[in-house]
Amino acid sequence: MKGRMNTGLGEVVINPDVIATYAGSVAVECFGIVGMAAVNMKDGLVKLLKRDSLKHGINVAIEDNKISLEFHVIVAYGVSISAVTDNLISNVKYKVEEFTGMDIEYIRILVEGVRVID
């Protein structure tokens, strides 16, 4: 479902892929996030996604103009996962709400792996 807003001049429709791409770019800027993850359900393998395919690690649902986000992330080794996820939630919530004009209903973060970064 797409996000819809009525303005005095007409209707604005936001595709969930746009929200996913924006949320992915915000997420990888957060401290402790190595990148987004793609999970292969058949093999159970987790793959680090490249910068140009960030939206594949994010599921977006829009219902009653409220956004629900689910992130599949890989975090850096040695950082506090709770601190990283709290930072990610607050940054994404603020920036996506500012970007879209819609409210965030919830953000779910699934940590799919840990990587050592140089």
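Begin by selecting Asn-65, which is placed in the loop between strand 5 and strand 6; strands (E, at least two residues) and helices (H or I, at least four) are DSSP runs, numbered from the N terminus. The model is a predicted one, in which local features need pLDDT of at least 70 and side-chain atom pairs count only at pLDDT 80 or more, while totals for chains, interfaces and linings use all residues. Residues are numbered from 1 along each chain as its sequence is written, and side-chain values use heavy atoms, with hydrogens and water left out.

The phi of Asn-65 is near 60°, a positive value in a residue other than glycine. For context, most residues other than glycine have a negative phi. With a relative accessible area of 32%, Asn-65 is partly exposed; buried means under 20% relative accessible area, exposed over 50%, and partly exposed in between (1.4 Å probe, protein chains only).

Asp-64 is found in the loop between strand 5 (58-63) and strand 6, and has a positive phi of about 55° although it is not a glycine. Its relative accessibility is 68%, so Asp-64 counts as exposed.

**Strand 6**

Continue into strand 6 and select Phe-71. Is Phe-71 buried or exposed? At 0% relative accessibility, Phe-71 counts as buried. Display Met-36 as well: the C-alpha atoms of Phe-71 and Met-36 are separated by 7.5 Å, although the two residues are 35 residues apart along the chain.

Next, select His-72, which is also placed in strand 6 (residues 66-76). His-72 counts as buried, at 13% relative accessibility. The side chain of His-72 makes a polar contact with the side chain of Glu-70, at 3.4 Å. A polar contact is a pair of N or O atoms within 3.5 Å; within protein, one must be able to donate a hydrogen and the other to accept it, and residues adjacent in sequence count only if both atoms are side-chain atoms.

From His-72, move across to Leu-110 in strand 7, which His-72 stands opposite. Strand 6 and strand 7 (residues 103-115) run parallel and are joined by 11 bridges; two strands pair if DSSP finds at least two bridges between them.

**Helix 2**

Show strand 6, helix 2 and strand 7 together, as they make a right-handed β-α-β unit. A crossover is right-handed if, with the strands pointing away from the viewer, the path from the first strand over the helix to the second runs clockwise.

Which residues of helix 2 are buried? They are Val-84, Thr-85, Leu-88, Val-92, Val-96 and Thr-100. These residues cover an arc of only 85° around the axis, which puts them on the same side of helix 2; the arc is that of the directions from the helix axis to the C-beta atoms. The face turned away from this buried side carries the exposed residues Asp-86, Tyr-94 and Glu-98. Helix 2 is followed by Gly-101, whose phi is positive, near 80°.

Proceed to helix 1. At its start, a side-chain oxygen of Asn-15 reaches to within 2.9 Å of the backbone nitrogen of Asp-17. The buried residues of helix 1 include Ile-19, Ala-23 and Val-26.

Finally, select Tyr-22 and Phe-99. A search of the whole structure finds one aromatic pair. The ring centres of Tyr-22 and Phe-99 are 4.0 Å apart and their planes are at 15°, so the pair is stacked. Rings of Phe, Tyr and Trp (its six-membered ring) pair if their centres lie within 6.5 Å; planes under 30 degrees apart count as stacked, over 60 as edge-to-face and the rest as tilted. Tyr-22 lies in helix 1 (residues 16-28) and Phe-99 in helix 2 (residues 81-100), so the pair ties together parts that are 77 residues apart in sequence. Tyr-22 counts as partly exposed, at 26% relative accessibility, and Phe-99 counts as partly exposed at 43%.
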